Structures are given as structure tokens and as C-alpha cells.
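Reader: Please take me through the labels used for this model. I would like each one set against its definition.

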Amino acid sequence: MEKRRVVVTGLGCVSPLGNTVAETWEGVKAGKSGIKNITLFDTTNFDVKIAGEVKDFDPSQWIDKKEARKMARFCQFATVASVQAMQDAGLTKETIDSERTSIVLGNGIGGFEVMENSMKKYFDAGPSRMPPLTVPMMIGNEGPGNISMLLGIKSTAWNIQTACASSTDALGLALDQIRSGRVDMCFAGGAEAAVTGFGIGGFSVLKTLASSYNDCPEKASRPFDKAREGFIMGEGSTMLVLEEYEHAKARGAKIYCEFLGYGGTSDAYHITSPDPEGNGGARAVTLALEDAGISGDELQYYNAHGTSTHINDSSETAMLKKALGDHAYKMKVSSTKSMTGHCLGAAGALEAMISIMAMQDGVYPPTINLDNPDVEAGCDLDYVPNKAVKAENGINCVASGSLGFGGHNGVVIFKKI
């Protein structure tokens, strides 16, 4: 059966670089860091005092203030990004076909601040003092649940939880939903808000966060660099409106690009570390290319998972070489986590959006803080160091990859129409 074509018709974003797609993309092109000192909690007793926080965020610009108060922070991000994406797609609640539109949200952790605050009250004062909305605000599926109520969407509203690959896998599932004919449109992406004491503390004791850059936060995330030490926590949400091609044409929609393919695999290797040989990730790239019906030589840009950890950056580079051979050296690769930090379950959708905007403007996003590539660890590709690069003949085909705890690998491919 011939696959139905899927296109991207709307984008919405709340990130450490700005509270819209335009602000975020301008920050990326400028090589701006969104990583600052943490303001969301007191870091006095913490080794890590920096993160990529969303700044000056006022959800009431987009959603009802009373409704926003009933939502966890990640859910506020997700609903705001969804409204932005709806508006960007030229849609309204009234013009969305509610029974032919779905939602797939990737989220790794849920309402972390809600859980943390409620647990404190539970232990300090007992269960009767817990906030009544603890459970509905805490659980991850309340993200798509609130989006469905806000936009009147009545098809499936799913939450995908595959750690740092969550929103890339969400995009892949949405692609399959539209191709299969189950729906004509899907709001797909991710959201995360884990910049809390519990979140930073948990990842700190796991020794995954950089802790030596508290005095210069903008230098802390340095993927592929010899001085990399660990990732920096980020937060936010990015949502994409995905739509069947003929459906989009019939309503005269603006089309950013075609969503060509997705590949997903599991490493079956380790609960927190990727396969150092990059085997699972390489297979995800190969499956995405097969799904897209293109060869690896057509890829011009790959937005790397690029966490700034020693094991990820070398294994991901190995994965690209394994999947693409010599072409890995010819295309551009960058990690925009150098600017946004690692937004966990929201990272894949954010980086897919950045990749799409790279095609729109013909600009390769930079990897900032890449002063001394770790060639000895195999990090020897063209990572677009420190400054964005204008593509002389434009950019027509891009990919973005995500590698999550538990060995989850997801890769998506987009192409200009």
C-alpha cells in the first residue's frame, strides 16, 4: 500500500532561548547560550547551580490563567507550544477536525515540581495536607489530556515515555498514525520541566551533569569538546502540526517541509549508557533512511543528540560513521544542546524544529563551546564549531537523532518539498 505523505504545517516552541519559535531560532543562529544560574530553587547545597531555564514565561498570554494554575509546569509549556503551533498552522479550535486529529506528546518525567512539593507536605504534615490535584498535575499523560481539552481534539491523545528519545519517538508514532489513515492531522512533540531540586539532585548523584562551570554557565555545555564534563539540564516544549499532504494542500496550508521517515531501535546494552560502538543508533539511522526512501548521501545536516557527556559524544559519532560511512565526514553535524541544554523528553522535538528552521533559512546551526574537538575519542566530524554557517546552495534534507536512557534510539528525517 502506498504511504500517505506527511508534511509539517505548524510549529510552536518554549525554550531556554525564547518563548516562541522565532526567538529560539534567532538565538540558535546567533550562537547564544540559554544556560544561566538556576532561579527556580535555592541551589545553596547543590554541586550544580546552572541550567537552561525557560525565562519570563507567562502562560496567560496563550491560555486561561485559571486553567494554567491547575497544570504542572511541563503541561503549561506543552499547551502554550500547542496553541502557538495551531496558530502557525492557520488553524483555530473551530477549524480543527476534532475526530480526525490526534495528539502524541513525548515526556520523560512529568510534573516533577508537583511531586517534589507534594512529597514534602506528605512527609512533613501527613497525607491530608497533600494538594488535592497532586495526581492529575503530576502524571505525564495530563499533557496530552490538557491539550485535547484546550483544542477540542477527540481522537487519541497519547503520552510517550522513552526518556530522552520521548519526543522523537512521539513524532515517529504520529507519522505512522497519519500514514495509516487513522487521522489526517496530529499535534506531536514533547515537553519537560525537571529543573527542580529533586531533578538536579538526582542527575547529579548519577554523575551525568557538569559541575565545574557554575561561574561561567554559558560555557558549560560543550559537546564533542575535550573539556566536556556532562550535560546541562534544560526545559521547555516544542510542538509540531503534522498533516497529510493532500489535506494540507486542500486547505491552502503553509508547508514547511515533508516528514520523510523515522527509525527507532533499542540498544539492549545498558540502563544509562549508550552502546559505545553505536550499533543501535546506527540501525535507527539506517531504518529512518529506508523509511524515507533515500540514501544517506542525501542528508546535508544531522542535529546530534550531543549531550556533552564523554560516552554519548564519542558513541554517537561512531554511530554516524557506521550508518553513513564516508558521508559522515561530508555533511554538517551539530549539537544545539550546547545552547539550550538537555531538555530530556522535549529535546527531540526541539531539535527537529531547529533542523526544520535550518532548512527554511539555509543556515547550519553551530555547536558552541567547541574549542578543542576530542579527536582522540573519535570526535572528528564537521560539528559547525562556534558559529552558524550559511549554506551556499541551501539545505534540502536534514535528520535529527535522540538517544535515551534505557537504550532508546530515535531518528527523524525531513526534506523540502
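**Labels and their grounds**

Author: Val398 in β13 is the bridge partner of Tyr301. The model is predicted, so local features need pLDDT of at least 70, side-chain atom pairs count only at pLDDT 80 or more, and totals for chains, interfaces and linings use all residues. Residues are numbered from 1 along each chain as its sequence is written, and side-chain values use heavy atoms, without hydrogens and water.

Reader: What makes β9 and β13 a pair?

Author: Strands pair if DSSP finds at least two bridges between them. Strand β9 (residues 301-303) and β13 have three bridges, in the parallel sense. Therefore they count as paired.

Reader: How do you know that β13 also pairs with β14?

Author: Eight bridges join β13 to β14 (residues 408-415), and the two run antiparallel. Gly401 stands opposite Val411 in β14. The two strands form a hairpin with three residues between them. In the turn, Gly406 has a positive phi of about 95 degrees.

Reader: Why is Arg73 called buried?

Author: Buried means under 20% relative accessible area (exposed is over 50%, partly exposed in between; 1.4 Å probe, protein chains only). Arg73 has 19%, so it is buried. Arg73 sits in helix α3 (residues 73-88).

Reader: What does Arg73 touch?

Author: Contact means heavy atoms within 4.5 Å. Leaving out residues up to four places away in sequence, Arg73 touches Leu40, Val54, Glu113, Ala193 and Glu235.

Reader: Why is β13 called mostly covered?

Author: Eight of its eight residues are buried. Cys397, Ala399, Gly401 and Leu403 point one way, and Val398, Ser400, Ser402 and Gly404 the other way.

How values were computed: Helix = DSSP H or I, 4+ residues; strand = E, 2+ residues; numbered from the N terminus.
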